[in-house]
Amino acid sequence: MTAYDPDNIFAKILRGELPCEKIYEDEDNFAFMDIMPRGPGHCLVVPRAPIRNILDAGDEVLARLCPAIARVARAAKKGFDADGVTIQQFNEPAGGQVVFHMHVHVIPRFDGVSLGPPASNMEKPEILAENAEKIRKAFG
Ligand code: 5GP
């Protein structure tokens, strides 16, 4: 197993060294908008713990992460008035992982609309901000 790199992009976001559109946080987890969304409202939930992916995640981190994923999924669905939500999580390059801090994708989905390509189209900052606000407002 490759070691965790504390200078990965999401570690820098967690430390506040890089900006992001934050939508949710709790003691153990943090969530923010994906800058190259596969659909409107695509966001990422990350545990604060320095974990590369699910292959080195302890049970306790995962147990605390799951309710946060569900909360964000419900808010994303409500905020976008979506028909469903896709949850994705990739592990190691062969599994499609590009950023090596554990993260879970939450993507609002609409009947008959396909997912866009992964990490391909950089969203405008003002659209990301608008979309983040929709999700932030939807937390009950
Ligand atoms: P992975 O394939 O590792 O599961 O996905 C990494 C995700 O991080 C991609 O969807 C990509 O668009 C997103 N991403 C890459 N760099 C940044 C960044 O600097 N900020 C944010 N918010 N998302 C990023």
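**Aromatic pairs and the sheet**

Mentor: Strands β1 and β2 (residues 29-33) run antiparallel and are joined by 3 bridges. This is a predicted model, in which local features need pLDDT of at least 70, side-chain atom pairs count only at pLDDT 80 or more, and totals for chains, interfaces and linings use all residues. Residues are numbered from 1 along each chain as its sequence is written, and side-chain values use heavy atoms, with hydrogens and water left out.

Trainee: What makes β1 and β2 paired strands?

Mentor: Strands, DSSP runs (E) of at least two residues numbered from the N terminus, pair if DSSP finds at least two bridges between them. With 3 bridges, β1 and β2 therefore pair. In β2, A31 stands opposite Y24.

Trainee: Why are β1 and β4 (84-88) said to stand at the edges?

Mentor: The open sheet of 5 strands has the order β1-β2-β3-β5-β4, with antiparallel pairing. Each of β1 and β4 has a single partner strand, so one side of each is left without a neighbour in the sheet.

Trainee: Why is the aromatic pair of Y24 and F139 called stacked?

Mentor: Rings of Phe, Tyr and Trp (its six-membered ring) pair if their centres lie within 6.5 Å; planes under 30 degrees apart count as stacked, over 60 as edge-to-face and the rest as tilted. Y24 and F139 are 5.4 Å apart centre to centre, with 25 degrees between the planes, so the pair is stacked.

Terms used. Helix = DSSP H or I, 4+ residues; strand = E, 2+ residues; numbered from the N terminus.
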